[in-house]
Amino acid sequence: MPAEPTYTSLIQDFIREIHSSNIDVEIAVILIGSVARSTHTSQSDLDLLILGDRPLLVKRHSGRFHVQVFTTQQFGERLRAGDDFAAWCVRYGVPIVTSKSWRNIVASEEAAIWPDWHEKIRHAARRLTLASALLEIGDSDAATEEMLYAASHTARAILLKNRIFPLSRPEMISQLRENDHERLAKVLQNLSYEIPTAEVLERDLRYIKRLLVFLDRPVYGEFVRSRQRRLLAKKNFVSDSVSAGNGRVPFKYRRAVTSSKIVP
Amino acid sequence: MAKAKKARLKEANAHLARARDQWDSATVDAWEPAEPADCVTKCFYSYENALVAAATAIGIAWTKKHYEKADLAKKLFEQNRLKTDISDLLARLNEPAKMSHMVIRARICLRLTWKISFPISNIF
């Protein structure tokens with residue numbers, strides 16, 4: 001039986017492939033995520049950031065690779081905008097293939113910009129709404145995954161607000177504990193390593209919602225109101241269509257729109 | 001044995017029902033004013049549930065890992081169990097589903113998904 005390829009051999013093959021399909025492009029390959037922090041588990045994906053001085057051609061990988069591809073310019077814009085993913089990469093990414101552009105980014109003033117924690121509230125709220133919808137459909141697995149994203153974004157918001165840079169997800173659990181956020185640490189731990197029941201998910205969902213409202217009521221409120229306005233526009237379109245009798249909307253979608261709601 | 005098959009089909013039907021509900025919900029998100037990121041995520045889960053329904057009905061084991069589900073989709077297509085190979089589509093949808101900020105890529109995926117196969121029944 002052939003041995004399973006190691007991370008190193010997988011990455012080496014991947015880099016060879018990128019170089020052969022992007023001749024004369026300056027490329028940087030950065031190891032990110034839990035593997036870069038040596039906190040990965042058997043469930044972890046292998047996360048890579050690929051930067052090119054021009055748009056790159058990167059083949060899709062169906063395996064455990066998760067690849068983020070950007071031009072140097074796009075990445076710099078994200079860094080300047082206070083994006084925490086870009087900030088994480090420059091702080092903790094491990095360069096496997098480095099380039100002049102990457103070295104310039106790391107040495108730049110933008111690399112020191114502190115990420116905008118309010119943006120994490122919006123991301124968490126979106127994931128929470130999605131988890132709620134999936135829970136209603138009865139898909140606990142998908143709801144658990146979305147809840148994990150929501151809890152992680154919330155944890156990042158709290159840590160960033162307290163001027164602590166969030167590390168990888170497993171490390172964030174300890175970071176939360178060290179800063180007296182025991183309950184969120186426990187929620188994050190359970191979502192990461194256990195299989196929660198629907199009741200536990202509903203309880204955690206309510207807790208994270210309360211936390212988001214406490215952290216930033218205006219941002220959370222605006223997110224929910226914006227979603228409600230959008231859904232109302234769709235419902236109005238359906239009811240106008242029905243009253244006009246023009247049958248532009250098939251019955252099953254009419255039902256889907258009218259039964260939709262924004263929770264929480 | 002017959003009972004085991006009945007139980008399998010019941011479980012497969014439950015997954016298929018979830019896939020349909022997620023698809024309907026994704027359709028609502030696709031309408032303007034659209035929610036592309038939510039739409040793509042629901043499409044992704046919908047395809048996964050449809051795939052799991054097929055695997056369960058046949059009696060093939062599956063895992064929760066996304067990349068293993070994509071591999072399973074390829075395997076079922078190669079065995080002529082599924083009419084369409086959705087392995088690449090699953091890998092493509094997984095990216096914007098994982099990253100919150102990828103709204104532009106989500107819009108591209110959405111167009112692709114709608115174009116490639118609209119009814120879930122296509123893969124059975």
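Chain A of this predicted model is assigned two domains: domain 1 spans 7–112 and domain 2 spans 119–232. Their centres, taken over C-alpha atoms, lie 26 Å apart.

**Between the domains of chain A**

Domain 1 of chain A puts eight residues into the contact, and domain 2 of chain A puts in 10 residues. On the domain 1 side, two helices of chain A each supply at least two residues: H2 (33–36) and H4 (84–92). H4(A) gives the most, with three residues. What is the class make-up of the side of domain 1 of chain A that touches domain 2 of chain A? That side has one nonpolar, four polar and three charged residues.

**Between chain B and chain A**

This contact draws 24 residues from chain B and 23 residues from chain A. Four helices of chain B each supply at least two residues of the side that touches chain A: H1 (2–30), H2 (36–58), H3 (66–78) and H4 (87–98). Which of them gives the most to that side? H1(B) does, with seven residues. By class, the chain B side holds eight nonpolar, seven polar and nine charged residues.

The table sets out the class make-up of the two sides.

| Domain 1 of chain A, touching domain 2 of chain A | one nonpolar residue | four polar residues | three charged residues |

Terms used
Residues numbered from 1 in each chain as written. Chains lettered and ligands numbered in written order. Predicted model: local features only at pLDDT ≥ 70, side-chain atom pairs only at ≥ 80, totals over all residues. Domains from an automatic or database assignment. Contact = placed C-beta atoms within 7 Å. Nonpolar A, V, L, I, M, F, W, Y, C, P; charged D, E, K, R; others polar.
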